[in-house]
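Please look at the sequence and the model before reading the points below.

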Protein chains: 2
Amino acid sequence: MSKKFKKSKRDVILEEAAKLFKERGYGGTSMRDLAEKVGMEAPSMYNHIRSKDEILEIICFHIANSYVSQLTRIESSEDSFTDKLKALIKLHIKMMIEDGAAVSVANNDWKFLPEDKLKEFKEIRRGYEKRFAAILEQGVAAGEFHNVNISVSLFTILSAVRWVELWYRPNRGVSAKALEETIITILLNGLSKQE
Amino acid sequence: MSKKFKKSKRDVILEEAAKLFKERGYGGTSMRDLAEKVGMEAPSMYNHIRSKDEILEIICFHIANSYVSQLTRIESSEDSFTDKLKALIKLHIKMMIEDGAAVSVANNDWKFLPEDKLKEFKEIRRGYEKRFAAILEQGVAAGEFHNVNISVSLFTILSAVRWVELWYRPNRGVSAKALEETIITILLNGLSKQE
């Protein structure tokens, strides 16, 4: 029981930290701000978490590992490359809607990781991008996708979903479903009706 | 002659300022850094430009007005909405390739404009987005485009080209032509070959 309680306090701290980092930037957030936000005294907060560095590290690697494990699942399916790409786009949208603040931290504040962790993080990201690109390449080779430049396609897709993190709020009159459908239509079928 | 010389010095100052703002951020760049970069003494630089604020204002409004005047030209053509959209996407890519640092400043540092200018800048940008959205809407109504959510489409398109500013360098093995072709293929026809 006590262990469970601790875990949940820790999760609250991580969640609020992600929100503060997103709002004020990693550099602009102090442990004192965080303690205030979660309604704890700083010393008791340190029972759950060692430092601001540690928080950043946990958030960045949690998000990176989440993307990687879901990519592994998608890669290993028997689906067409088209369906794999759809699943990847949905994954990015879902992560941004459900865990927006943490994704934002992993996208923007990773550069403040300590050097060894920074290197590790960059390697994970690079590996993810390579495996994403491989799905595009295989889809082109299989004749499922147009014969596009792979790295341009990869960055175009990743950027096309990226604004969701910065802009999308469910109360702005666009449902998560409409969002997903439109983005998938554009990236898979294009805006234009004629081929 | 003397006037022409002055104008060209001013252009050099604006160009180097845009590069410095992009590199170090608006807040992280001093007029002293800029003077050093353009190889002038600060007092003589002030013969050409009044302040850092003025530089930011000139860059932001130059870029915003450029986009708007080219949008006006595209709107007034007799082309299909598909061709208008292609022209708009090409415009964004071209601006980022040819004037990347200034576009980056207008995209990221506009928030440091003084209040009255900030308001004006936001209005121009909002007007641009509305008119861009209108082309999408008209294209849907005319049966040229899929029946997509307009604001999601607008942000997806604007973001899909945005990474070019952050990543694209002509020496990275992708030509400007390949870049343009792939982005237009994805946004207009989609990656997938089957409808």
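**Two chains and their interface**

Between chain A and chain B the count of salt bridges is zero, a salt bridge being a side-chain nitrogen of Lys or Arg within 4 Å of a carboxyl oxygen of Asp or Glu. The structure is a predicted model, in which local features need pLDDT of at least 70, side-chain atom pairs count only at pLDDT 80 or more, and totals for chains, interfaces and linings use all residues. Residues are numbered from 1 along each chain as its sequence is written, chains are lettered from A and ligands numbered from 1 in the order in which they are written, and side-chain values use heavy atoms, with hydrogens and water left out.

**The contact surface**

- Chain A gives 34 residues to the contact and chain B gives 34 residues, where contact means heavy atoms within 4.5 Å.
- About 3400 Å² is buried between chain A and chain B, with 66% of it on carbon and sulfur atoms; buried area is the accessible area (1.4 Å probe) that two parts lose on being put together, summed over both.
- Of the area that chain A buries against chain B, 20% is supplied by His146(A), Leu191(A) and Lys193(A), more than by any other three residues.
- The interface of chain A and chain B holds 16 residue pairs in polar contact, both residues at pLDDT 80 or more. A polar contact is a pair of N or O atoms within 3.5 Å; within protein, one must be able to donate a hydrogen and the other to accept it, and residues adjacent in sequence count only if both atoms are side-chain atoms.
- On the side of chain A that touches chain B, two or more residues come from each of α5 (81–98), α8 (150–167) and α9 (176–189) of chain A.
- The largest share of that side, 10 residues, belongs to α8(A).

**Fold of chain A**

- Chain A has nine helices and zero strands; helices (H or I, at least four residues) and strands (E, at least two) are DSSP runs, numbered from the N terminus.
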